[in-house]
Amino acid sequence: MFLRKLELIKSAVGNPDRYPFSIPALRALDSISFRTNVSFFVGENGSGKSTLLEAIAYQCGFNTAGGGRNNHYKVEASHSSLGDAIRLSWLPKITNGFFLRAETFYHFATHIDSMPGSLRYYGGKSLHEQSHGEAFLSLFTHRFGKKAIYLLDEPEAALSPARQLALLRIIKDLDREAQFVIATHSPILLGYPDAQILNFDAHPISEIGYEDTLHYAVTRRFLENRQSVLKELFSD
C-alpha cells in the first residue's frame, strides 16, 4: 500500500458554504486513513465521492480529465477545485498510476489516438474502435501494472456484470503490488474480499460493511422480491 492518509487542510477551505466544501461529507471531512490496497468510495449521487477522488488524482499529478502524469489534454470543467485543499501521506511516495474518469473517457481515447505510438500500451488498437466496455477492459488489462495507484471513478459505467467480474480478477492479480481507490455504485465490485468501504452518506465519512451498504440492500431486495418491489414502486 502506498497512499496511507488523506487530510483536509482547514486553512485552505475559506468559505465552507462554497462548492465543493458545501457538500455534507466534505464539510465534515477531517482525514481518511487507507488501511487496505483496495478501497471503495460509496454514497448517493452528489455525495462527494467522485469530487474527492478527482482531488486525489490532482494531488497525484494525474490529468483530472482522466489519464496519468504524461497525458496532457484539456476537457472543460475537469479542474479539481478541491485538489489544493487536501494533503496526501505516502509510504513510499509513488508517481506511477492512472485516473479513470468514466464521463470523460471518450476524450481520453481521442487523446490516445493523437499519439499512435502510445496505442501499444492499450492493446495496440484504438479505444474508439472497440465498444465502451471493451475499451475499458483493454485499458485495465494492458495499461495497469505493478507499483502504481489506480483511481477509478465508476468503472462499472461501461461494464456488463460479467466484465465487472473480469475487473475484479484484474484487481486481484495486482493488489499485492498496486493500490486501488474506486468510487462505485456496483454491488459486484463492492464485494471484493477484505476491501475497505468508505461511506460518503455518513458525516463524517466512515467505514461500512458490505452487507450494510444501501447498494447491497437494494439490489438484494430487488432480486429476491422483484414482484413486490415493482408493485410497491408502481403503486399510486
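Author: Both faces of β3 are covered, since Val 38, Phe 40 and Val 42 on one side are buried, as are Ser 39 and Phe 41 on the other; buried means under 20% relative accessible area, with a 1.4 Å probe and protein chains only. Five of the five residues of this strand (residues 38-42) are buried, so β3 is largely enclosed by the rest of the structure. Strands are DSSP runs of E with at least two residues, and helices are runs of H or I with at least four, numbered from the N terminus. The model is predicted, so local features need pLDDT of at least 70 and side-chain atom pairs count only at pLDDT 80 or more, whereas totals for chains, interfaces and linings use all residues. Residues are numbered from 1 along each chain as its sequence is written, and side-chain values use heavy atoms, with hydrogens and water left out.

Four bridges join β3 to the parallel strand β7 (residues 178-183), where Ala 183 is the bridge partner of Phe 41. Four bridges also join β3 to β8 (residues 196-199), again running parallel, and in β8 the partner of Ser 39 is Gln 196. Two strands pair if DSSP finds at least two bridges between them.

Turning to a loop, Asn 63 lies between α2 (49-60) and β4 (86-90) and is buried, with a relative accessible area of 10%. A polar atom of the Asn 63 side chain lies 2.9 Å from the backbone nitrogen of Ala 65.

Notes
Buried < 20%, exposed > 50% of the residue type's maximum accessible area, 1.4 Å probe, protein only. Polar contact = N/O pair within 3.5 Å; in protein donor to acceptor, adjacent residues only side chain to side chain.
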